[in-house]
Amino acid sequence: MADRDFDLLVGPVGCLVPCHQEGPRRGAAMRELPVLRGGAVGVRGDEVVFVGPWKEVAAATAIRRISAPDATVLPGFVDPHTHIPFVGDRAHELALRLRGASYMEIGRAGGGILSTMAAVRAASEDDLLGAARALARRRLAHGVTTFEAKSGYGLDLENELKQLRVLAALAAEGPQTILSTCLAAHFVPPEYRADPDAYVTLVCEAILPAVASAKLARFCDVFCEEGAFTIEQSRRVLEAGRRHGLLPRLHADEIVDTGGAALAAEVGAVSADHLLTASDAGVARMAEAGVCATLLPGTAFYLRKPYAPARRFLDAGVPVAVASDCNPGSCYTANHLMVLTLAVFGMGMLPEEALWASTLNAACALGEGDRLGSLGVGKRADLCLWEVPSYLHLFYPFAENPLGTVVCGGEVVWESC
Ligand SMILES: [Zn+2]
């Protein structure tokens, strides 16, 4: 670094929102979102090396500078729950749902998860990668610099591995950071309908070991829900994943309270997701065990269901994250700011809470709170420059996309035209 102070210097920034602290933000502290007026962010390589007042670095040398006196700079959004990669169009299901059809009826008509399973099984690895890449680019254009992504539409050894290989290829292309999850226990595939336990055995004894030995996933997930997998089956899957070094996370208490929140605490899950129907006891267990609650307001909106009780988790001191659940059936959107808008206007979170929940807390829900999700020295330089005077203006007006520039790993990777 002899010839320059920074590779990239962002400043002066009108409204700099670092979202930075040690560990996740919880409880009443989430209502406070510290802001630096006239701040700056200095980057070397892919790492943040300075966050502070502009006047301290105004005379510094840098290869590239971005001046943002009228803008708001935040960490890039971290989305801790998506169902990328997928192919297939389920628009006809939307039409049926809007006319009042139930999921059962849609399932009987050949829709639902099994419809996407058929499309994913039939797709080539290249086609699946192309679809995932296109969606990742759309999400980058909405400020998402990190996302979790998962299998779960293959539902057999070959196709679960295919989905996870696609994610590995996409992660290698960049620019976004992608953390992969094996969700082989998403649904019982038709060939095992008569014997779901035999499918659980396949997941535990064949799919998870193969995924782990190929190093294709960090997490093991299960759809713990009436009609999907029972508590006992879910425990088997998560314990098998754990034996193979895959960290547990789960889809819990979305439609019916089956005790998923308590199971998440019992197995030491990094995160329990959905949680629309979690019991008070389950919430308390999650708070004690430090399990993140990942809430998905876009899904409630899209399915026209009541939102998850965000305030109960916030009041209990559970670290709360917000995610998109981006998938082709129950929440199809690339617009992450819209998801945050639903967290605020639908789920009753404050803008400050929604921003913690989609940056640092979301990184913590992926076990990456030390590296991602905030602007602090030593963190990966993922940041978004929003062309608004304050973070409040991300919600006022709503359903717009005032994104100006996206920096991923210290590189400018997207700019508005
Ligand atoms: Zn999901």
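Analyst: Glutamate 353 is found in helix α13, residues 351-357 (helices, H or I of at least four residues, and strands, E of at least two, are DSSP runs numbered from the N terminus). This is a predicted model, in which local features need pLDDT of at least 70 and side-chain atom pairs count only at pLDDT 80 or more, while totals for chains, interfaces and linings use all residues. Residues are numbered from 1 along each chain as its sequence is written, and side-chain values use heavy atoms, with hydrogens and water left out.

With a relative accessible area of 1%, glutamate 353 is buried (under 20%; exposed is over 50%, partly exposed in between; 1.4 Å probe, protein chains only). Leaving aside residues up to four places away in sequence, glutamate 353 touches Met30, Arg31, Arg311 and Leu314 (contact: heavy atoms within 4.5 Å).

Elsewhere, His81, His83 and His251 coordinate the zinc ion, each through NE2, at 1.9 to 2.1 Å (donors are N, O and S atoms within 2.8 Å of the metal, or 3.2 Å for Na, K and Ca; water is not among the atoms, so sites may look incomplete). Histidine 81 lies in the loop between β5 (77-79) and α1 (91-98), and histidine 251 in strand β9 (residues 247-252), so this pair ties together parts 170 residues apart in sequence. Histidine 81 and histidine 251 are both buried.

Finally, an open sheet of seven strands has mixed pairing and the order β3-β2-β1-β4-β13-β14-β15 (pairing requires at least two DSSP bridges). Its edge strands, β3 (47-53) and β15 (411-415), each pair on one side only. Within this sheet, strands β13 (residues 383-386) and β14 (residues 403-408) run antiparallel and are joined by four bridges; leucine 385 stands opposite threonine 405 in β14.
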